[in-house]
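Let's take a friendly walk through this structure, stopping at one residue and then at a meeting of two chains.

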Amino acid sequence: MDTFLQQIINGLTLGSLYAIVALGYTMVYGIIQLINFAHGEVVMFGAMITLSVISAAAGSGLPPAAMILMGVAVAIPACMALGYLLERAAYRPLRKAPRLAPLITAIGMSIVLQQIALMIWSRNILSFPQILPVTLYEVAGASVSSLQIIIIGLCLVMMTGLAWIVYGSRLGTAMRATAENPEIARLMGVDVDRVIAMTFIIGAGLAAVAGLMVGIYYGLAHYTMGATLGLKAFSAAVLGGIGNIPGAMVGGILLGLVEALGAGYIGELTDLCGYSTLNFLFQSRCADGGNLVLFGSNYQDVFAFVVLILVLVFRPSGLLGERVADRA
Amino acid sequence: MNPSCLLEAQAISKRFGGVRALHEVSLTIRQCEIYGLIGPNGAGKTTFFNVLTGLCTASSGNFNFAGAPLDISAPHLVAQAGIARTFQNIRLFANMTALENVMVGRHLRTHAGVIGAVLGCAATRAEENAIQQRAVELLHYVGIADRANHLARNLPYGDQRRLEIARALATDPKLLALDEPAAGMNATETAALRVLIEGLRNDGLTVMLIEHDVKLVMGLCDRVAVLDYGEKIAEDVPENVQRNSKVIEAYLGA
């Protein structure tokens with residue numbers, strides 16, 4: 001099997017999921033300069049809620065697609081309500097406070113949401129019912145599952161939809177105006193509070209779908225799943241340039257690719273037996289095709305954070321550039 | 001109140017700590033006139049604009065606008081009532097196109113919801129088309145239609161000023177308040193601006209402007225008020241203001 005092509009496919013799947021979650025971070029940052037650390041938890045709620053709905057419907061004999069649609073139909077409004085609630089109850093009262101206050105509140109909300117999920121769904125790792133029949137296709141020596149195709153396709157559709165809202169609709173014009181200068185936007189009759197609430201709601205809606213897809217892709221859900229996923233998506237947003245919407249899309253997909261390729265090759269690259277000059281040191285281990293791997297693919301999660309550190313050190317504004325407010 | 005009177009300011013005062021930026025300034029602006037507000041630097045002209053447009057709150061005093069008390073507690077209420085302004089230091093949405101800047105201004109007078117936009121509902125689509133069409137018209141009106149799709153920050157300075165006027169016009173104002181519209185313009189640009197402002201008045205708009213270019217003010221305005229240290233020291237037709245001894249003193253020093 002061709003490792004490279006296979007990891008590209010896995011990376012695109014993972015990356016498009018990161019991109020969808022990263023959009024939630026970047027949209028909120030763009031408009032109120034807040035890193036909403038509770039966004040990962042909204043994704044987790046999306047996964048948990050769809051899991052509950054699908055489990056409840058599992059015995060009913062409905063077709064799998066109908067069950068998933070039911071899950072989505074419950075999870076999207078629920079997560080949107082959660083996103084709205086976060087903004088309304090936790091962040092809006094702090095709109096004029098120093099920036100550190102809402103940031104710490106966001107971390108607090110993330111803990112609160114995790115604990116609520118713990119109480120509702122227990123501390124166990126829950127397994128997603130495998131209701132979707134997965135077909136594997138062979139493409140040039142790599143295998144692509146129908147699930148991966150669906151995920152990538154759905155993510156592209158959502159990204160296109162979002163781009164249309166932001167760059168093509170009246171709401172999007174208002175969002176971009178508010179992001180640039182809330183005072184002037186208000187002067188022009190833009191209801192700034194409503195626009196900010198809508199930003200949270202749209203981000204949460206995307207997060208709900210992302211939660212569902214992550215759950216089905218990995219077949220698992222856990223009350224802490226939002227933390228790592230959220231941090232990685234945040235890294236993706238920073239990689240693309242936080243506050244920059246196309247940046248989050250590019251950053252997410254790049255990060256997915258880096259992770260997948262990294263995980264795919266790190267074992268081979270850190271196999272000391274693969275370096276003939278070093279062979280004499282480890283003759284006993286390396287004899288008969290043995291290996292001495294320093295880092296295995298379980299180091300996958302490290303790559304996102306290595307990327308985050310490198311970006312922050314060498315290009316803090318991200319690949320496509322941070323949204324720079326030109327305030328007078 | 002005089003029926004032809006559009007805006008009436010009654011004893012407007014504004015203090016910043018111990019500084020008396022405005023002291024009991026009263027003035028009236030009539031329908032369809034071009035009213036100039038002049039004065040030396042720091043006289044309180046921009047503060048008056050900021051109070052009038054709700055960007056900062058008055059310490060005391062109130063406004064009547066179009067026959068009703070004007071609520072100046074929030075900028076969008078003032079805009080809703082029909083007063084639009086531009087800024088001394090241009091404040092456009094720099095990373096949006098000229099057209100989009102004007103479209104934002106239409107927000108005040110349109111109401112299409114998000115759900116309609118997402119579902120592509122016909123009424124919403126019609127409204128969005130109307131917004132765009134009106135924005136194009138306004139860009140034509142101020143003479144920068146050919147730059148509709150340029151980012152605001154890439155426009156030449158004079159065009160940025162025009163764009164700011166177009167954006168203000170998009171809110172359908174009765175009174176347009178221009179804060180130093182000719183600042184930084186060369187003679188040609190200033191002459192073109194003058195034509196634009198006269199055109200606005202001929203189309204039924206009332207214009208209030210702060211300006212340092214004395215020649216422009218005296219040539220353009222029907223009446224002029226002079227502020228000095230936050231107090232109104234004169235209000236008259238330009239010829240009389242120019243001869244007013246207090247005004248000469250304020251500008252040249254005692």
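Start with A:H222: setting aside neighbours within four places in sequence, A:H222 is in contact (heavy atoms within 4.5 Å) with A:M44, A:M48, A:R123, A:N124 and A:I125. This is a predicted model, where local features need pLDDT of at least 70, side-chain atom pairs count only at pLDDT 80 or more, and totals for chains, interfaces and linings use all residues. Residues are numbered from 1 along each chain as its sequence is written, chains are lettered from A and ligands numbered from 1 in the order in which they are written, and side-chain values use heavy atoms, leaving out hydrogens and water.

Now look at where chain A meets chain B. Here 26 residues of chain A are in contact with 31 residues of chain B. Among the chain A residues, A:R170, A:L187 and A:M188 lose the most area to chain B, together 34% of what that side buries.

A salt bridge is a side-chain nitrogen of Lys or Arg within 4 Å of a carboxyl oxygen of Asp or Glu.

| Side chains | Link and distance |
|---|---|
| A:H222 and A:T224 | polar contact, 2.7 Å |
| B:E100 and A:R176 | salt bridge, 2.9 Å (N to O) |

Across the interface of chain A and chain B there are 2 salt bridges, and 5 residue pairs are in polar contact between these chains (both at pLDDT 80 or more).

Definitions and conventions:
Polar contact = N/O pair within 3.5 Å; in protein donor to acceptor, adjacent residues only side chain to side chain. Buried area = accessible area lost by both parts, 1.4 Å probe.
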